[in-house]
Amino acid sequence: MIPATVPTEAIFDRGRLSDRSLPVHAWNDDGEPLVLWRTELRRAQNIEGFKEVRERRQIVGVVPGGGG
């Protein structure tokens, strides 16, 4: 198991509801993403509705506006 060092998320299709994302906690030896599902790490591909893996967008900083 390889820890996830870059913020990554697995995306799941929930039909008429908006997609759900789960953070990737690690990668298995074959390079497959592992997510926390209920109380255990599971391969994202084995969870119903799995669509894709993508880099997670993170807010790095916030700058106050200059209005007065």
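This is a predicted model: local features need pLDDT of at least 70, side-chain atom pairs count only at pLDDT 80 or more; totals for chains, interfaces and linings use all residues.
Leaving aside neighbours within four places in sequence, Phe12 is in contact with Asp19, Arg20, Leu22, Val35, Ala44, Ile47, Glu48, Gly49, Phe50 and Lys51.

One of these contacts, Phe50, also matters for the ring geometry. The structure has one aromatic pair. The rings of Phe12 and Phe50 have their centres 5.9 Å apart and their planes at 65°, so the pair is edge-to-face. Phe12 lies in strand β2 and Phe50 in strand β6 (residues 50-55), so the pair ties together parts that are 38 residues apart in sequence.

## The nonpolar core

Which residues make up the largest nonpolar core? There are eight: Ala10, Phe12, Leu22, Val24, Val35, Trp37, Ala44 and Ile47. Strands β2, β3 and β4 each supply at least two residues of this core. In soluble globular proteins, nonpolar side chains tend to be buried together.

Contacts of Phe12 include the core members Leu22, Val35, Ala44 and Ile47.

## Trp37

Trp37 is a residue of strand β4 and belongs to the largest nonpolar core. Its relative accessible area is 18%, so Trp37 is buried, the cut-off being under 20%.

Beyond neighbours within four places in sequence, Trp37 is in contact with Arg20, Leu22, Arg42 and Ile47. Trp37 and Ile47 are 10 residues apart along the chain. Their C-alpha atoms are separated by 8.5 Å.

## Strand β4 and its two partners

Strand β4 spans residues 33-37. Is β4 mostly covered or mostly open? It is mostly covered, with four of its five residues buried.

On one hand, β4 pairs with strand β3 (residues 20-27). The two are antiparallel and share three bridges. Val24 stands opposite Val35 in β4; both valines are core members. β3 and β4 form a hairpin, with five residues between them. Gly31 sits in the turn and has a positive phi of about 85°.

On the other hand, β4 pairs with strand β5 (residues 40-43). These strands also run antiparallel, joined by four bridges. Val35 stands opposite Arg42 in β5, and Trp37 stands opposite Glu40 in β5. The hairpin of β4 and β5 has two residues between the strands. Here Arg38 takes a positive phi near 60°.

## Thr8 in strand β2

Thr8 is placed in strand β2 (residues 8-12). Is Thr8 buried or exposed? Its relative accessibility is 9%, so Thr8 counts as buried.

The side chain of Thr8 reaches the backbone oxygen of Val6 at 2.8 Å. Neighbours within four places in sequence aside, Thr8 is in contact with Leu22, Pro23, Val24, Trp27, Val53, Arg54, Glu55 and Arg56. Among them, Leu22 and Val24 belong to the largest nonpolar core.

Terms used:
Residues are numbered from 1 along each chain as its sequence is written. Side-chain values use heavy atoms; hydrogens and water are left out. Buried means under 20% relative accessible area, exposed over 50%, partly exposed in between (1.4 Å probe, protein chains only). Two strands pair if DSSP finds at least two bridges between them. A polar contact is a pair of N or O atoms within 3.5 Å; within protein, one must be able to donate a hydrogen and the other to accept it, and residues adjacent in sequence count only if both atoms are side-chain atoms. Contact means heavy atoms within 4.5 Å. Rings of Phe, Tyr and Trp (its six-membered ring) pair if their centres lie within 6.5 Å; planes under 30 degrees apart count as stacked, over 60 as edge-to-face and the rest as tilted. A nonpolar core is a set of buried Ala, Val, Leu, Ile, Met, Phe, Trp, Tyr and Cys residues joined through side-chain atoms within 4.5 Å.
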